[in-house]
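Subject: Structure handover

Hi,

Here is the structure I promised to pass on.

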Amino acid sequence: MKNLDFIYNRHSVRNFTNESVPQNDIDEIIKAATYAPSAKNVQNWHFVVLKNKHKIQQIAGIVENKNSKLVDSLEDENLKKELVKFRTYHTIFKNAPVLIFVFAGLYKDITVDILKLKNASSEEIQNITRIAPTIQSISASIENLLLSASALGYGACWMVGPSYAFQEIEDFLGFKKEGYFLTSLIPIGIPESIDLKSPKRKPLEEVMTVID
Ligand SMILES: Cc1cc2nc3c(=O)[nH]c(=O)nc-3n(C[C@H](O)[C@H](O)[C@H](O)COP(=O)(O)O)c2cc1C
């Protein structure tokens, strides 16, 4: 495929109109997310879809409260300022018509077990665990989700910033699936602006090395 516009036309969208997203479009977007590759094809994802605007705002409240609590508990004034500054960035989903919660099931990497059996050093084990196939598979599905939302005319934003409130959010949602945990929030809706932009990318020379 030569036309990569679907990649370059995707941008993180943080402001949405009031328009709702029809369930068949949500189905299509989640279906596209499930066509991502996953380690050993475990398909270790589960997507919780929330369209209740009141509940979405309550979740923003949970993040704001947790953020305030953390700020109050800090002594370092710079850290406090930093965390307060991010409060808005962590609740940009509050006016979205749809909020998707991406849950991951832990992928058990037998390489780690083998290394442990072989009494590998903690550094060696850490070097393997940081490769995190669980999260790599989830990330592939999230990228599919974002690209398909954008291709259908919606805006979305991958959100991990409010992770300090994920336990409280999980409790509020009441969704339980054995071994699964919340990894990210994705608000989806019609973008408020048609003039969407993304930050500049690093030049290719900085991020690519060709070895002969
Ligand atoms: C793992 C991850 C976490 C992110 N968390 C947040 C977030 O909490 N809030 C937010 O507004 N954007 C968040 N973003 C979006 C990034 O800020 C955005 O992707 C980046 O600035 C590049 O812009 P673009 O998506 O428009 O290309 C996150 C993106 C990723 C991949």
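**What I found**

Let me start with a side-chain pair: His-11 and Ser-198 make a polar contact through their side chains, at 2.7 Å. By polar contact I mean a pair of N or O atoms within 3.5 Å; within protein, one must be able to donate a hydrogen and the other to accept it, and residues adjacent in sequence count only if both atoms are side-chain atoms. His-11 sits in the loop between α1 (5–8) and α2. With a relative accessible area of 16%, His-11 is buried (buried is under 20%, exposed over 50%, partly exposed in between, with a 1.4 Å probe and protein chains only).

Before you go further, the ground rules. This is a predicted model, so local features need pLDDT of at least 70 and side-chain atom pairs count only at pLDDT 80 or more, while totals for chains, interfaces and linings use all residues. Residues are numbered from 1 along each chain as its sequence is written, and side-chain values use heavy atoms, with hydrogens and water left out.

**The chain as a whole**

The protein chain has nine helices and four strands, where helices (H or I, at least four residues) and strands (E, at least two) are DSSP runs numbered from the N terminus. Read from the N terminus, the order of elements is α-α-β-α-α-β-α-α-α-β-α-β-α. The C-alpha trace spans about 55 × 55 × 40 Å along its principal axes. Of the 212 residues in the protein chain, 37% count as buried.

**Around the ligand**

Which residues come nearest to the ligand? Of the 15 around it, they are Ser-12, Arg-14, Gly-161, Ser-198 and Arg-201; a residue is near if one of its heavy atoms lies within 4 Å.

By class, the shell has eight nonpolar, four polar and three charged residues. Here Ala, Val, Leu, Ile, Met, Phe, Trp, Tyr, Cys and Pro count as nonpolar, Asp, Glu, Lys and Arg as charged, and the others, Gly among them, as polar.

As for oxygen atoms of the ligand, one is 2.6 Å from an N or O atom in the side chain of Ser-12. A polar side-chain atom of Arg-14 lies 2.6 Å from a ligand oxygen, and for Arg-10 the distance is 3.0 Å. On its own the ligand has 630 Å² of accessible area, and the protein covers 74% of that (Shrake-Rupley method, 1.4 Å probe; for residues, only the protein chains shown count as cover).

Lys-197 belongs to the loop between β4 (180–189) and α9 (204–207) and is exposed, at 61% relative accessible area. The side chain of Lys-197 also makes a polar contact with the side chain of Asp-195, at 3.2 Å.

**Rings**

Searching the whole structure gives two aromatic pairs. Rings of Phe, Tyr and Trp (its six-membered ring) pair if their centres lie within 6.5 Å; planes under 30 degrees apart count as stacked, over 60 as edge-to-face and the rest as tilted. Why is the pair of Phe-86 and Tyr-89 called tilted? Because the planes of the two rings are at 50 degrees, with the centres 5.6 Å apart. Phe-86 and Tyr-89 are three residues apart in helix α4 (residues 77–89), so about one helical turn separates them. Phe-86 is partly exposed at 30% relative accessibility, and Tyr-89 is partly exposed at 44%.

Lys-85 lies over the face of Phe-86, 5.8 Å from the ring centre. A charge sits over a ring if NZ of Lys or CZ of Arg is within 6 Å of the ring centre and within 35 degrees of the ring normal. Lys-177 lies over the face of Tyr-180 in this way, at 4.9 Å.

**Two backbone spots**

Most residues other than glycine have a negative phi. Lys-40, though not a glycine, has a positive phi of about 50 degrees; it lies in the loop between α2 (23–33) and β1 (45–50). Asn-119 is not a glycine either and has a positive phi of about 55 degrees, in the loop between α5 (110–117) and α6 (122–129). Lys-40 is exposed at 63% relative accessibility, and Asn-119 is exposed at 69%.

Cheers
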